[in-house]
Amino acid sequence: MQIEFQTFFLDNGLKVIVHEDHSIPKAVLNLIYRVGSRDEDPDLTGFAHLFEHLMFEGSRHIPHYDLPLQRVGGENNAFTTPDITNYYLSLPSHQIETGFWLESDRMLALDFSQEKLDIQKRVVIEEYKQRYLNQPYGDAHLRLVDLHFTTHPYRWQTIGKDISHIEQATLADVEAFFYGYYAPNNATLVVAGDVHLAQVQELAQKWFGDIPRRELKKHPLPEEPEQTEARDMTVHGDVPYPAVYKMYHIPSHRERDYYIADLLTDLLANGQSSLLHQELTRKQQLSPNASAFSWGLHDPGMLSINATLAPGKSPEAYEQALAGVLAQLQDLNEVALQRIKGKLEATFVLQKTTILNKAIALAISDALGDPDLINTTPEIYRNIALDEVHQAARTILAPENCSTLYYLPN
Amino acid sequence: MAKVLDRRMAPPAGPLSYIPLPPYEVTRLSNGTPVYLLPYGQVEVVEVQAMYRAGRGYQDLIGQAGLTGEMLTEGTQSYDSLRLAQQLDGYGAWIHHEVGEESLAVKLATTTANLGHTLPLLQEVILVPTFPSEEFESLKQRKLQKIQVREEKTATLARKHFGYELFGPDHPYGSYLSQEALEAISRDHLIAYHQQRLQQMALTVVGRFDREVILDQLEELFGSLDRVEEEASISRAATARARGRQGRHYVEKAGMQASLRLGHLAMPRAHPDYYGMTIVNTILGGYFGSRLMKNIREEKGYTYGIYSGWIGNRYDGYFVVQSDVGNEYVPSAIAEVKAEMHKLMDEGVEEAELDLVRNYLQGRSVSQRETPFQMSDLLRFSLMHDIPFAELDRQYEVIREITPASVQELAARYLKPDDLLEVVVGQVAE
């Protein structure tokens, strides 16, 4: 199913993408800013995400962000990744102007205050504890990315390297960050749902048209050097079983080779029929939850293979078995490849059942460089050949391309 | 020159309404199996659910219903678990089960184009599962370990103890799958459960489909079965007695945060004041703009999030407030929750705040009724809880008509801030 969309720019550089879907009386505004944790100072990590919280604390002319939106029957949320920060709201389509009003005012200027900053610092610190520190193995990923990347800012997660960094953020930092990155010329607005192009053109001009273009704080990012030998690290914690986390370098999401790496991840870990589940969880019963993920990032990213070990199993036995599974990828045949492609194809169809999903996919695609990726992505997967998968398995899943974290009980 | 924009003024807002639940068609296969058909959505996908009066209210052992559901896809007469999963992958389809208090459902989600290929797989799974011993033992081991890891989390322990104290471990609404409960279940229990509880089904079809084609295929796959009339039985929840314990229940668990579960018993879903109380609850802690969130997150910064729920089970309902807070904030957070409950009871709500909640709840219906999968679940809920669509939509009448005076009256009558069960799992200094 083709997703139709139109694109236009305002004079201040704001890019607007419109997707009409009149099946239900709902509209979505999705505003993506091209700033993420990659843009943070290494001594002030977690800042892009802390800033996301502050975006809900009132803007120059509107003291509360949430109240007026809820008053017209709307809902909203946001997320921060290493590359982008994405804000979205959905509301009954006849109330859409309220969305323009709210989003444009917080792009124009935030209502900064020390008190608001102090409170959100506390909230984010509780979030840090809830998600990463108060869970068994909760900080594994934080430690693993720090081992995997030596140089690139992807070496810290969006929540930040350390709670102390969040504590140190000042109001001056907040202001500099806002004016350096939150600008019409650093954002794309996607409007989707029960709307019309002409209506969106008029509302975008009315509410966003007078926001000045800003000088962006651009800075070159250090390139991650190629890894040439295996790295590992052992940590001890209050956990019931050993766990082994492995991370491999993969190409940027902007490259076609990324999609091959992602397909590898699906072969390894997407569902009951996947290799890790069949071999390590079922046949050899080495781990109840062996899994794999890939991160499609703007710069070269990562693929991880994680497992908590079953009682009595050693990391050595697990690693030996895992090496066997990875070698099996070379035996992958056309039938198995077509199967996983069939599954991915259906996943793309299901994703299109909500307006919000379509809006977010358009925004993410645009940030990668081409909004039409929402339509062309299935084709990219479809065209991946068997020998390309074999080749990628050999180069990506090589020991010298891997960092391993052993998480052991105290 | 256009006039200067006044950014302080909100754009004019129109009146709100909700999306009413659409009508569906009821028909029967030749053996009497009811089929409910609801065309919905623009994308070429469809969900078929086979549903049974089963679930946690209808089991002899804790975990029996859930494990039976999980084992349905672990092997059938024609497929072992791997071959079944591979078949589904190739067609881009999913078979999942869902176990509730009052029902067990097996769902097939598929693209419309592959419905004809995948429906026979659903038939295999629900009619002729083989419950292979080896797969069952392996599943059990995996689950045992997952329980052990999960019990390292304060939130899991808080949920478990809250259920035990409020309902009791033997009450279906308080049941928690512990390692001991899991150990006690054998393969025979699952086979028995399948034979006793998963025979008399209803079928729903929601999404994009051709009516004649799907009815023919359902008839072919399910229409000639002997329809076993199950013994009439009602949920154990109908006769179980909830403990309703009150007061502080503290469980020590080292860590940086404590998980709180505060609450008390409440009315069942069919009670005439149930919908009114869900609105009261929304004001208190049921949405991001709620009083609890404003006070405890946005003003104090004690937590990343705090929510309350007014849960209308079929038999015993309950009220619960849940949050993870820094250990040092526990006493203040509990005091603030009680203070917010008292405030709502003593001072009620201003028209403006109530109006906001009315609009929020009506607007949300649009997002809750967007996909065929959401509608499929709503239809199941309606059928299995014997609540017609019209009655589900009655909540919007209540939302439109409720007044500040009735909010306060309801709050004063049903909130019990001085008789709370307070489960705290964490490390709280004396």
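Me: How many residues does each chain put into the contact between A and B?
Reply: Chain A gives 59 residues and chain B gives 56 residues. Bear in mind that this is a predicted model. On chain A's side, the elements giving two or more residues are helix 2 (66–71), strand 5 (85–92), helix 3 (96–108), helix 4 (114–133), helix 10 (275–283) and helix 12 (334–351). By class, that side has 21 nonpolar, 22 polar and 16 charged residues.

Me: Why is strand 6 of chain B called largely enclosed?
Reply: To count as buried, a residue needs 20 or more other C-beta atoms within 10 Å of its own. In strand 6 (residues 202–207) of chain B, 6 of the 6 residues are buried, so the rest of the structure largely encloses the strand.

Me: What makes strand 2 and strand 6 of chain B a pair?
Reply: Pairing takes at least two bridges found by DSSP. Strand 2 (residues 34–39) of chain B is joined to strand 6 of chain B by 5 bridges, so they pair, and they run parallel. B:Leu37 has B:Val205 of strand 6 as its bridge partner.

Me: And what joins strand 3 of chain B to strand 6 of chain B?
Reply: There are 6 bridges between strand 3 (residues 45–52) and strand 6 of chain B, and these two run antiparallel. Here B:Gln49 stands opposite B:Thr204.

Me: How do you know that the span of helix 12 of chain A is close to the expected one?
Reply: With 18 residues, helix 12 of chain A reaches 26 Å from first to last C-alpha, and 26 Å is expected at 1.5 Å a residue.

Me: Which elements do the buried residues of helix 12 of chain A pack against?
Reply: Helix 9 (256–269) and helix 14 (373–382) of chain A, plus helix 2 (81–91) and strand 5 (104–111) of chain B. Among the buried residues of helix 12 of chain A are A:Ile340 and A:Leu344.

Note on methods. Residues are numbered from 1 along each chain as its sequence is written. Chains are lettered from A and ligands numbered from 1 in the order in which they are written. This is a predicted model: local features need pLDDT of at least 70, side-chain atom pairs count only at pLDDT 80 or more; totals for chains, interfaces and linings use all residues. Two residues are in contact if their C-beta atoms, placed from the backbone, lie within 7 Å. Helices (H or I, at least four residues) and strands (E, at least two) are DSSP runs, numbered from the N terminus. Ala, Val, Leu, Ile, Met, Phe, Trp, Tyr, Cys and Pro count as nonpolar, Asp, Glu, Lys and Arg as charged, and the others, Gly among them, as polar. A residue is buried if 20 or more other C-beta atoms lie within 10 Å of its own, exposed if 12 or fewer, and partly exposed in between; C-beta atoms are placed from the backbone. The expected span of a helix is 1.5 Å times one less than its number of residues.
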